[in-house]
Amino acid sequence: MEKKNNQLQTRPIGQLLLSMSLPVMLSMLIQALYNIVDSIYVSRLGTDALTAVSLAYPLQNIIISVAVGTSVGMSSVISIYQGAGKQEKANQAASTGLVLTGISYIIIAMAGIFVTRPFLQMFTKDPVILKEACTYSYIVVCISFGCLFQIAMEKIFQGIGEMKVTMYLMIGGCIINIILDPILIFGLFGFPQLGVTGAAIATVSGQISAAIMSFVVYFRKSYAISIHVKYFKWDKEMILQIYNVGLPSIIMMLLPSVLVSVLNRVLASFSSVHIAVLGVYYKLQTFIYMPVNGLIQGMRPIIGFNYGAGEDERVNKTIRDSLLITGVIMLAGTLVAMCMPTQIFEMFDADEQLLKAGVIALRIICTGFLFSTIGVIYTGVFESLGLGKYSLIVSLLRQFVITIPMAVIFSLVFGVNGVWMAFPVGEVVAAFVSAILLKKYERGKYSPI
């Protein structure tokens, strides 16, 4: 632990950021791959099946939002206490975070039983699509404990700088999912052909496997954080400290669910094909944003530790390097989306209607990728500094306050293409506001711009 902490405070930032981020970025790329593969297999069942899985996205995102938000709050508190040399408090934060994760699962599972069908009925009247969407959603929502505990353990490992461990565990879960998908969907090797149900079972199987592997790895070796029942106390101050960062993060990650739900209603007035386009886009954009999220996860403990240790210049250097790397990723994503949209949608066995709508949508949306560099990175910076409310402001602008009203207004003027135009507008506004917020915090001490 002492060696790890010393690296966080003394190792050159560029090397440190890459060493901590690259394993997570790689694992995130693999996770993005299995998200894409999942949809590619489902698309072979037809556009209705792809639409059904797309309708389930907001519910899946709610689960991930609660898991990541709680875990990010826990991880942030762990890093700050370690930087301040308060090891027992860091242990308490980890143990408390796991208990909160268990409570979250119980609430999610109970809500999923009663909310799933009424929620999905708001977006489709087609009985086939509704049935498949409900089947898929009930499985991924009510058997989501693997997802929640996998993410909690992932953030504990990341909070202490064990990024390679996170990478191996995530890759393991993803590989299990990728292997099971075709077997269960199409009924290979003597298994029954389960269709969309098989895709859902493969998803939760991968999550549960990754969670089990996480606990096995943790308890077979001594790490810088100790998880034990003796460290758990129903400490209101500790819980508030976790959710001071975690709750804004939960709300931020819930925003895509709200955004997609509203946009699905708007798009349904044009055609169900556009709902499928939006679902495919959210799968595709993971190839860009998930590696960036991996970078942010490597960035957080560096900023949190050095902020707690009073190393302001190292905090600044970490932010600058993160912006540069993210800008390169976003530029690459923009070029691919602009130049190869047809080839991308052909992977999903798109018919002529889906292909035409998808190509136009992707080219419009990708114009905002570069602008999102500042908003996305600064959101992670604010979380690392314990400024959850600033993160919330930026995310609200990106995915709620600007994007939703603009999508509705633009759709009345430009038709369905107006919905896609709202995405880059939201990114531009969020980038501008986030730069101002960081510039004003402590008189710009941590602002690289």
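The largest nonpolar core here has 107 residues, and the ones with the most contacts inside it are Ile377, Trp420 and Phe423. (A nonpolar core is a set of buried Ala, Val, Leu, Ile, Met, Phe, Trp, Tyr and Cys residues joined through side-chain atoms within 4.5 Å.) Helix 3 (residues 47-83) gives the most to this core, with twelve residues. Keep in mind that this is a predicted model, where local features need pLDDT of at least 70 and side-chain atom pairs count only at pLDDT 80 or more, while totals for chains, interfaces and linings use all residues. Residues are numbered from 1 along each chain as its sequence is written, and side-chain values use heavy atoms, with hydrogens and water left out.

**The cores**

- Besides the largest one, there is a second, separate core of 24 residues, which includes Ile78, Ala90, Tyr218 and Ile242.
- Back in the largest core, Ile377 is among the residues with the most contacts.
- Ile377 touches Val292, Leu295, Ile296, Met299, Ser322, Leu323 and Thr326, not counting residues up to four places away in sequence; contact means heavy atoms within 4.5 Å.

**The chain as a whole**

- You'll find 18 helices and zero strands in the chain. Both are DSSP runs numbered from the N terminus: helices are H or I with at least four residues, strands are E with at least two.
- The radius of gyration is 21 Å, close to the 22 Å that the globule rule gives for 449 residues, so the chain is as compact as a globular protein of that length. That radius is taken over C-alpha atoms, and the rule is 2.2 Å times the number of residues to the power 0.38.
- Along its principal axes, the C-alpha trace spans about 60 × 50 × 35 Å.
- Of the 449 residues, 60% count as buried. Buried means under 20% relative accessible area, exposed means over 50%, and partly exposed is in between (1.4 Å probe, protein chains only).
- Take the contacts between residues at least 6 apart in sequence: 81% of them join residues at least 24 apart.

**Surface and charge**

- The accessible surface comes to about 17800 Å², and 67% of it belongs to carbon and sulfur atoms. The areas come from the Shrake-Rupley method with a 1.4 Å probe.
- There are 30 positive and 22 negative side chains, and the centres of the two sets lie 6 Å apart. Lys and Arg count as positive, Asp and Glu as negative, with His and the chain ends not counted.

- Ser257 sits in helix 9 (residues 236-268) and is buried, at 5% relative accessible area. Beyond residues up to four places away in sequence, Ser257 touches Pro58, Asn61 and Ile62.
- Ser395 belongs to helix 16 (residues 388-401) and is buried too, at 4%. Leaving aside neighbours within four places in sequence, Ser395 is in contact with Met252, Leu255, Thr379 and Phe400.
- Gln150 is in helix 6 (residues 145-159) and counts as buried at 12% relative accessibility. Gln150 and Ser214 are 64 residues apart in sequence but 6.8 Å apart in space, C-alpha to C-alpha.

**An exposed loop residue**

- Phe189 lies in the loop between helix 7 (163-186) and helix 8 (196-219), and at 72% relative accessibility it counts as exposed.
- Phe189 also has a positive phi of about 55° although it is not a glycine. Most residues other than glycine have a negative phi.

Terms used: The place of a charge is taken as NZ of Lys, CZ of Arg, CG of Asp or CD of Glu.
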